[in-house]
Amino acid sequence: VPAGIVGVLFNDILDEIFYKPIPVAVMLIVYGILFIVVEKHNAGKKPSVTRISQLSVQMLLWIGFFQMLALIPGTSRSGSTIIGGILAGTSRTVAAEFTFFLAIPAMFGASLLKLIKFGFHFTGAEFGLLMLGCIVSFGLSVIAIKFLMGYIKKHNFIVFGWYRIALGVVVLAYFLLA
């Protein structure tokens, strides 16, 4: 809900300010560092929430706030909500599972907003390609989510942190040296 409200109200402003290579690269690095710091801070700690049904309203709002931060380009929506969930006291698995559930309304809303903004003027062939893209992306998403959930149960997010930092540095170097 927080991301939806802010996204609808400030979408154009956020795109104008942040949809540029340098802010994207900086956010890649910032969230990479956050992943590493949060994982090291929580190393050895037992999470207070190990099932989605244990999430309180305050935790849900906290995670929603972190999802809202993902409106800034370069911020991973799933990464920010996972960090928010872990900081709220959830296990990595609960944070990731809830993040994937949050993706449904967030992506639907963002897609609807873009469709409204750019119009519904599709030829039959364009609409068919759009539907094919939706079906293929849904199928691939299910496969990716199954893989990631298996990975998350055995590993932490530090490798993702380093990946984001390295990618951010490459993007930053490319656009500063170009």
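## Helix packing in a predicted model

Helices α3 and α5 are oblique to each other, because their axes cross at roughly 60°. This comes from a predicted model. The two axes come within 12 Å. Two packed helices are described by the angle between their axes and the distance between the axes. Here α3 passes α5 in a right-handed crossing. On the α3 side, L60, I63 and Q67 make the contact.

| Helix | Residues |
|---|---|
| α3 | 57–69 |
| α5 | 92–118 |
| α7 | 158–177 |

Next comes α7. Helix α7 has 20 residues. From its first C-alpha to its last, α7 reaches 28 Å, close to the 28 Å expected at 1.5 Å a residue.

Which residues of α7 are buried? They are I158, G161, R164, I165, G168 and V171. These residues cover an arc of only 150° around the axis, so they sit on the same side of α7. The other side of α7 has exposed residues: W162, Y163, V170, Y174 and L177. The cover over the buried residues of α7 includes α2, residues 21–42.

Now a loop. T75 lies between α3 and α4, where α4 spans 77–88. Is T75 buried or exposed? T75 has a relative accessible area of 8%, and buried means under 20%, so T75 is buried. Apart from neighbours within four places in sequence, T75 is in contact with M27, Y31, L69, A70, S80 and R164. One of these, R164, is also among the buried residues of α7.

Methods:
Residues numbered from 1 in each chain as written. Predicted model: local features only at pLDDT ≥ 70, side-chain atom pairs only at ≥ 80, totals over all residues. Heavy atoms only, no water. Helix = DSSP H or I, 4+ residues; strand = E, 2+ residues; numbered from the N terminus. Expected span 1.5 Å × (residues − 1). Buried < 20%, exposed > 50% of the residue type's maximum accessible area, 1.4 Å probe, protein only. Arc of directions from axis to C-beta. Contact = heavy atoms within 4.5 Å. Axes fitted to C-alpha atoms, helices over the stretch in contact; angles between N-to-C directions. Parallel < 35°, antiparallel > 145°, perpendicular 65-115°, else oblique. Left-handed = near helix turned anticlockwise from the far one by under 90°.
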